[in-house]
Amino acid sequence: MSTTKPANKPDIRKDALERAHVLVSHLDALITCTYGGGGESFREMADHLQDSYMWSVAERIQELQACIEKAHDGDKAGAA
């Protein structure tokens, strides 16, 4: 039995892990601006801007969770 995938079949696990890596990089940059010395300018922003900023962080976290689930499901599919 061959373990290679057809050239046109997407690698869901790999794609999910690559997207997760991008999201972690974004989240790291976004969160770095909210605490410590960088957090001072964040806390000076208008409330609605802080809310929108944190909403963006929350959306990325939700997408990251979905990517992790896809990667996990891809592991299960690969083992079958």
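A salt bridge is counted here when a side-chain nitrogen of Lys or Arg lies within 4 Å of a carboxyl oxygen of Asp or Glu. The structure under discussion is a predicted model. By this rule, 2 salt bridges are found. One joins the side chains of Glu18 and Lys14, with an N to O distance of 3.8 Å. That value falls within the 4 Å cut-off, so the pair qualifies. Both residues belong to helix α1, which spans residues 12-32. They are 4 residues apart and therefore separated by about one helical turn. Glu18 has a relative accessibility of 42% and counts as partly exposed. Lys14 is also partly exposed, at 46%.

The side chains of Arg19 and Glu63 form a salt bridge as well, at 2.7 Å from N to O. This pair links distant parts of the chain. Arg19 sits in helix α1, whereas Glu63 sits in helix α3, residues 47-79. The two are 44 residues apart. Arg19 is partly exposed, with 33% relative accessibility. For Glu63 the relative accessible area is 32%, which again means partly exposed.

The overall fold is helical. The protein contains 3 helices and 0 strands. Along the sequence, the pattern reads α-α-α. Of contacts between residues at least 6 apart in sequence, 64% join residues at least 24 apart. Buried residues account for 20% of the 80 residues. The protein exposes about 6200 Å², and carbon and sulfur atoms supply 58% of this area.

The largest nonpolar core comprises 11 residues. Its members are Ala16, Ala20, Leu23, Leu27, Leu30, Phe42, Tyr53, Val57, Leu64, Cys67 and Ala71. Helices α1 and α3 each supply at least two residues of this core. Ala16 illustrates the packing. Beyond its neighbours within four places in sequence, Ala16 is in contact with Cys67, Lys70 and Ala71. Cys67 and Ala71 are themselves listed in the core.

Thr34 has a relative accessible area of 16%. Buried means under 20%, so Thr34 is classed as buried. The Thr34 side chain reaches the backbone oxygen of Ile31 at a distance of 2.7 Å. With residues up to four places away in sequence left out, Thr34 touches Gly39, Phe42, Arg43, Tyr53 and Met54. Among these, Phe42 and Tyr53 are members of the largest nonpolar core.

Met54, one of the residues touched by Thr34, is found in helix α3. At 36% relative accessibility, Met54 is partly exposed. Met54 also takes part in a nonpolar patch on the surface, together with Ile31 and Tyr35. The three residues have about 270 Å² of accessible area together.

Technical notes:
Residues numbered from 1 in each chain as written. Predicted model: local features only at pLDDT ≥ 70, side-chain atom pairs only at ≥ 80, totals over all residues. Heavy atoms only, no water. Buried < 20%, exposed > 50% of the residue type's maximum accessible area, 1.4 Å probe, protein only. Core = buried A, V, L, I, M, F, W, Y, C linked by side-chain atoms within 4.5 Å. Contact = heavy atoms within 4.5 Å. Polar contact = N/O pair within 3.5 Å; in protein donor to acceptor, adjacent residues only side chain to side chain. Patch = residues over 30% accessible without salt bridge, like charges linked within 9 Å, V, L, I, M, F, W, Y side chains within 5 Å. Areas by Shrake-Rupley, 256 points an atom, 1.4 Å probe, with all protein chains shown as cover.
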